[in-house]
Structure formats: structure tokens, C-alpha cells
Amino acid sequence: MNFRQTLTHGFWRDLPPFRLVLGLCPALAVTAAAENGLGMGLAVTFVLIFSNMFISLLRRVIPDKVRIASFIVVIATLVVLVELVMKAYFFPLSQQLGIYIPLIVVNCIILGRAEAFASRNPVHLSMADGLSVGLGFTMSLTLVGSIREILGAGTWFGLAVFSEGFEAFSFMVKAPGAFLCLGLMLGLMNAWSRRRGEIFIQT
Amino acid sequence: MLREIARLVLVLGTICSLSAASLAYVRTSLADRIEMQEDFYVRGPALERLFQRPAQELLAEKLTVPVGEEAYPVFYLLEAGEVTGLAVEAAGKGGYGGNIVIMIGLDPRNDSVLGVEIVSHSETPGLGAKVELQGFRQQWTGLTLDCPVALTGDGGRIDAISGATYSSEAMVDGTNQVVLLLRNHREEILTLIGQRSTDPSGGES
Amino acid sequence: MDMLLLAIGAIFVNNILLAQYLGNCPFCGVSKKLSTALGMGAAVTFVAVVASMLTWAVYHYLLAPQGLEYLKTLVFILVIAALVQFAEIFIKKQSKVLYDSLGIFLPLITTNCAVMGIALLNIKHGFGFVQTVVFSAASAAGFALAILLFACVRERLFISPVPSAMRGTAIALVTAGVMSLAFMGFTGMTN
């Protein structure tokens, strides 16, 4: 992949969590509101860019046997950093996201990109990959969050969308709504990519 | 073989110590700000409702009273050199979803309770979460904190929420911690406040 | 009685998978066959209980006394990763049968958010040691229950006429939504 492809592949070709079916847990858990989805996405993007950077820089130093352990330490450090910064500057959001911020550490996207990309590519490509996949993830989460918030609460980023007569489907902001919404969106994306003549990624 | 193991340990050790060092640095530089944010968003709303004053003003007057293993945050309201309001935070143990943190506001001149507010809880919505309701919390208003409180089932005056005995008990537990604190440390708290209000620097004791 | 309520709450009301959304990757990945789902459920239960006991001890005896609570994410993941490694080596040495049925799932568990999630929830709820053990065993059992039920459904889905765009993960998620709706019926059972 050249630089431009690396920079854009996360927006459609490897769009998480729809095309690259990783990171489903945060996509379900924090998307009850668009704002939470956006915040979570940006936190993941930050961790992804810098974990890719450090791992790419260290890729010749780290012995193969302790590869995964080293990756985990790097990722966990960045996650704790995000936790602290969020608490200091975005406290309400950090309360909303709760244990799902520390859980970024076990988000398969990050370890997956480290193993599949950053550990075998130079720094500038790895950072571009992190940015691209991270922003793709942010877009997806914000989209899912918007749909669920608009239907389930009648608001978008906290602003009222409908007039007062609207009765919200509170189902959408609860757990079953999350699964259903994500499943249907995945189906739509599959149908769309089939129309474009692309092969299915999931089995 | 041995050299390889040494290399593994060295690399992992270096990465771990670098990460620990950088985190410790960030943590110390952000600690004050995090505490301020916590006060503002977690305690601020409760204090505002208790005393009908802007949270910023009330949060500036904070004391921490250590008793054994616990440390109780105390806030106060000063009018013309006299303490007219005191708010004590306590973590009521035994709630269904963990501790229920409550803030009790009282008038120290006659020890009557102005009200109780929930700072944080993780009780079940629709059941234990009813501790937040005005109707339940109202039972605290006007109590005098010279003796421990109890639920009606235990011979006391507080009616438990039906179906949420654990949550109600946690509230009572928190209240009794405040009763004990006032009984044993009342003078100490008032002296601390007195020192602060005469000390122009604000005193960080 | 308290412990029983805690356990029922963790298995049904706040099911780790269907109400707290943790552990979805293995949920969609290995739930295609009943036998693999059983293996994964057992492996997660084992690791979650041991990991929760270890992380609880580490948090309360090492981190909290030093004021290092903020490092819990970093320390917990390392404890879990090390535990999974040891468990794998140990099981491999002890029993070939057990390794074949359980061992292959172990490497996947390090990045299973259910295990890490249970460890973090124990701390968040301020549980004592016994509560921690009960809660993590019950949560993991809830995970195993959900993944087993789901595998049964999926074995049938495989032979049903699902629209081609919905096949695979998409229909799995929709099914999980319906199951989650059923589990919502348990709300209010405890407390």
C-alpha cells in the first residue's frame, strides 16, 4: 500500500467495525448518544496513532518472543494517559463512558493494527494507518450513536430534533436496540458493497 | 540462550519503566485539576441544591476530616464570621450496587438537618434508585443529628423504600457516619474553619 | 441470601454480554458450533474467576496503599496476560484432552473484554473478596449461558434462508438483540 491508500483505507475498505469486524463492544456499549460515540472514537484514534507510532519505532528493538507483551504495555500506557486527560478536561464524558475507557486496552482493533501493520511498516505509514482506521471508527461510532440517539431519545448531540409530540423509542438506547441497530447497519453495508461488486469480508 | 533472555528482560523492563515514569509525571501534573473537576461535577450539584448558592463559591471552602481509614470531605457556609451551614459527605455502605455517597447539609447552630442529597450511587433504576426521590429524602429534613437514625423496621423513624431495603439501609449507614463524625469531631471542624477564615492565605491545612 | 441475589443479578439481570456488551468478539467468533461455544464458555469462566481474585488482591494490597489506583488498567492487563500464559503452559503439561478442548481458546482470552471488564467492575462496585469471587463466577457463568444459548440458535440459523446481505455477523447481532430483549424481562427480579 502506498501512503495515500494507507491514509484512506480506514474510511471504507477496512472500516471498523463494519468491514473490519473488530471492536464491537465499544460500538455497542457507548453509542446510546452521538456525543459518547464521538468521544470514544477520538479516544481510540489517539491511542491508535501513538501506539502505531511507538510500535513501529520499536519494531527492530523488540524481540519477537515478548512482542505481544510489549505491545500491551505500550497500549495500556496510552490508555491510562487518555483516562487521566479525560478526567482532567472532559469529566462528564469520562463519567458517561465509565469502564469502557480502560477497556480500550482490550479493543481488538488496536492490537490488531499493531500486529498486522505497525510491526512491519515504517513510522509515517503506521501513523497514517492509525489515523485512518481511528477516524473510520470514530465516523462509525458517531453514525450509530446519532441513529440511536435520534430515534431513542429524539435528540442529536443533546439538541431536540423533533417537536414535542414525538414519542421516543426508548428501546433504541437500551441494549437490544444496540444489537439490532448495529446488525441492520452491517446488513445494509453488506448489501451496498455487494452492489459495488466487492466481495464479502465476513462469513 | 542466557544473552537472549537478558535481552528480553532488558527490553521489557525498559519499556515498563519508561511507561511508569511518564504516567507518574502526567498524573502528578494533572492531579489538582482532576480533583477540581471531580468536586465540580460530582459534589457541586448536590451542594448547590443544599445551600442555594453557586457551586464554585461553596467548593472553594473545602476541608477533609480524616477519621480512621475514612476521610470525610466537609464544606461550609460562612456568614459574618459565623458558620451557618455545614455539608458533610459520607459513603453509605451496603447498597445493592455498592456504596451510596450522600451529602448531608445541616445548620451547626442547632444541628438540624437542612436536607440530604445523593452525590453518587449505582442502584437499580426504578428500585434502589428511588433514594433520589424528594419524597424519600424529605424524611431527613428537620432531623436533629444528636442520636443515630434507623429504619422503621428497626424501631427508627425512616420509612424504607419498599423493595429497596438495601439502598435505604445504605442511606441510614451514611447518615450515622455523619452523626458519629459530628459527635466526636465537632469542635475540631469548627476550629479548623475558624483558623481558615482568619488566615487570609486560605490555609491549606 | 445477599450472595444469591448478587449471583442472580449478575447472571440474568446485568448479563455481561447482553446487557453490558462485554465480550462480543468471541461471542460472534466462536458461537457457530455448540462444542466450541462450550469450550470458550469454560475457558472464560476459569480465567475470569482466577483473574478477578488476583486483580482484586493486587489492587487492594499493592496499588491502593501506594496511591497508584490510576495504574490499574495497565497492571490488570499485564496480570491477565501473564495468567493466560501460565494457564496455557500448565494445561498443556497436565492434560492433553483438556488442552485440546480449552487450550486453543486461551490466547484469545487476553483480549476478551469480558475478563478485563469483570475485573474492573469488581473494583468499581467496591466489592470485598467473597463478593468478588461470587460476582465474577456468576458474570462468567452468565457469559457462558448466553454464548451457549446463542450457539444453539446459530446452528439453526445456518440452515435457514437468511437474506444474503444479512448472513454472518449481521444476523448474529440481530439475534443477540432479540435475546437481549428476552433478558430484559429479568429486570426487577432482584433488589
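What share of the contacts in chain C with a separation of 6 or more is accounted for by residues 24 or more positions apart? In this predicted model, such residues make up 78% of those contacts. Chain C contains 9 helices and 0 strands, and its pattern, read along the sequence, is accordingly written α-α-α-α-α-α-α-α-α. Because the radius of gyration of chain C, 17 Å, is close to the 16 Å given by the globule rule for 191 residues, the chain is as compact as a globular protein of that length. The C-alpha trace of chain C spans about 60 × 45 × 30 Å along its principal axes, and 48% of the 191 residues in the chain are buried.

Chain A is in contact with both of the other chains described here. The contact between chain C and chain A takes 35 residues from chain C and 36 residues from chain A. On the side of chain C that touches chain A, at least two residues each are supplied by α2 (24-29), α4 (72-94), α7 (113-124) and α9 (169-184) of chain C, and the helix that gives the most is α9(C), with 10 residues. By class, this side of chain C comprises 25 nonpolar, 9 polar and 1 charged residues. Between chain B and chain A, 17 residues of chain B are in contact with 17 residues of chain A, and the side of chain B that touches chain A divides into 10 nonpolar, 3 polar and 4 charged residues.

Ile77(C) lies in helix α4 of chain C and counts as buried because it has 25 C-beta neighbours inside 10 Å, where 20 or more are required. Leaving aside residues up to four places away in sequence, Ile77(C) touches Ile72(A), Ala76(A), Val105(A) and Val106(A), as well as Met116(C). The C-alpha atoms of Ile77(C) and Thr111(C), which are 34 residues apart along the chain, are separated by 8.8 Å.

In chain B, helix α1 (residues 2-51) has 50 residues and should span 74 Å at 1.5 Å a residue, so the 68 Å between its end C-alpha atoms agrees with that expectation. After α1(B) comes Gln52(B), whose phi is positive, near 55°.

Terms used: Residues numbered from 1 in each chain as written. Chains lettered and ligands numbered in written order. Predicted model: local features only at pLDDT ≥ 70, side-chain atom pairs only at ≥ 80, totals over all residues. Contact = placed C-beta atoms within 7 Å. Helix = DSSP H or I, 4+ residues; strand = E, 2+ residues; numbered from the N terminus. Nonpolar A, V, L, I, M, F, W, Y, C, P; charged D, E, K, R; others polar. Buried ≥ 20, exposed ≤ 12 C-beta atoms within 10 Å, placed from the backbone. Expected span 1.5 Å × (residues − 1). Rg over C-alpha atoms; globule rule 2.2 N^0.38 Å.
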